[in-house]
Amino acid sequence: MKAAWYKKQGPAQEVIEVGEWPRPDLGAGQVRVRLAFSGLNPSDIKRRKGFRGQPHAFEVIIPNSDGAGIVSELGAGVQGLAVGDRVWVYNAQWKRPWGTNAEEVVLPAHLVQPLPHRISLAYGACIGIPALTAHRALFADGPIAGQTVLVQGGAGAVGHCAIQMAKWGGAQVITTVSSAVKAEAARQAGADHVINYREENVAERVLQITQGEGVHRIVEVSFGQNLPITLQVLRPYGVISCYASDAQPTPELPFYAFMMKNQALRWVFMYELPPDALRQALSDICLWLNGAGARGPARPVVEHVGDVFDLAQTAQAHDHLDAGRASANVVIRVSDLT
């Protein structure tokens with residue numbers, strides 16, 4: 001099969017190779033998926049670069065955790081899936097050497113989920129990390145119907161999912177973006193209010209929108225950098241769900257400011273969700289993708305696919321996302337499967 005891989009950490013153009021690679025063996029309880037697209041996420045880039053001391057954990061790594069394609073073979077004992085099923089996969093390269101940046105992947109059956117025909121394979125490759133992160137950030141502390149949620153970075157992969165799933169859950173959504181193009185993407189996702197943080201004072205606008213009450217929950221992509229905003233707009237007993245803090249990875253925590261308002265910090269690391277939370281997330285994501293069972297009014301899924309690179313352009317895809325040039329999810333076409 002064709003694949004992209006790296007044998008050491010470093011710059012994408014220097015370490016990523018593309019060529020022929022042996023097909024992975026299929027074992028009991030596993031599923032072979034012929035992939036159409038591989039979804040590229042910031043965590044895939046961080047692993048390749050060795051961000052914050054991450055080790056090069058395997059001799060050879062085929063990167064990327066998310067993908068979508070067609071089931072081509074079932075191992076002994078697999079139930080609930082059939083050859084020919086359209087599927088999305090997640091956590092393919094978490095604690096495993098071979099991810100989705102290849103024509104095929106073999107995974108434990110629980111990492112392979114049905115993909116409705118109403119969802120494209122390209123967007124199917126964008127579901128895993130973004131949707132699971134968004135679900136945990138939104139619903140880890142109970143229903144959000146009737147609440148107001150602030151999604152920081154609403155045009156990003158997680159943010160765009162969070163807007164849609166928050167509306168699915170019956171919440172009012174305020175989101176922040178950095179450009180007019182991203183503002184339109186956030187509106188299409190269903191955001192009730194969109195704030196351009198380069199042009200407006202976010203805290204002032206949020207308080208204006210909420211009539212001074214603030215928000216019940218924040219889905220946060222830049223915890224340390226946005227702390228001054230959080231302290232102004234998170235209402236008493238509110239929750240901030242944080243899944244990244246790259247700009248300030250070791251922020252100073254204003255303990256008493258949070259304590260005096262009985263506010264909660266929720267850390268979100270989707271690779272290691274509690275089993276019950278993972279099951280609930282997968283169940284809810286299935287309902288959301290199928291347009292059924294919404295806690296709020298049913299809404300069609302708004303696909304958020306931007307740049308599509310070919311397998312031979314894997315290094316360019318990494319550099320494109322890493323440089324902040326992407327305005328939507330970045331995917332790599334790993335085969336001619338449609």
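**Cores, cysteines and a surface patch**

In this predicted model, the largest nonpolar core has 82 residues, and among these Leu 138, Ile 285 and Trp 288 touch the most other members.

Attention now turns to the cysteines. A disulfide is a covalent bond between the sulfur atoms of two cysteines. The structure contains 0 disulfides. Cys 126 takes part in none, and the nearest cysteine sulfur to its own, that of Cys 161, lies 8.5 Å away. Because its relative accessibility is 4%, Cys 126 counts as buried. For Cys 286, the closest cysteine sulfur is also in Cys 161. That sulfur is 15 Å from the one in Cys 286, which is too far for a bond, since a disulfide needs the two sulfur atoms within 2.5 Å. Cys 286 has a relative accessible area of 36% and is therefore partly exposed.

The surface has a feature of its own to explore. Phe 255, Tyr 256, Met 259 and Met 260 together make a nonpolar patch of about 480 Å². One of these residues, Met 260, sits in the loop that runs between helix H9 (255–259) and strand E13 (264–267). With a relative accessible area of 63%, Met 260 is classed as exposed, because that value is over 50%.

Conventions:
Residues are numbered from 1 along each chain as its sequence is written. This is a predicted model: local features need pLDDT of at least 70, side-chain atom pairs count only at pLDDT 80 or more; totals for chains, interfaces and linings use all residues. Side-chain values use heavy atoms; hydrogens and water are left out. Patches are made of residues with over 30% relative accessible area and no salt bridge: like charges are joined within 9 Å, nonpolar side chains (Val, Leu, Ile, Met, Phe, Trp, Tyr) within 5 Å. Accessible areas come from the Shrake-Rupley method with a 1.4 Å probe; for residues, only the protein chains shown count as cover. A salt bridge is a side-chain nitrogen of Lys or Arg within 4 Å of a carboxyl oxygen of Asp or Glu. Helices (H or I, at least four residues) and strands (E, at least two) are DSSP runs, numbered from the N terminus. Buried means under 20% relative accessible area, exposed over 50%, partly exposed in between (1.4 Å probe, protein chains only). A nonpolar core is a set of buried Ala, Val, Leu, Ile, Met, Phe, Trp, Tyr and Cys residues joined through side-chain atoms within 4.5 Å.
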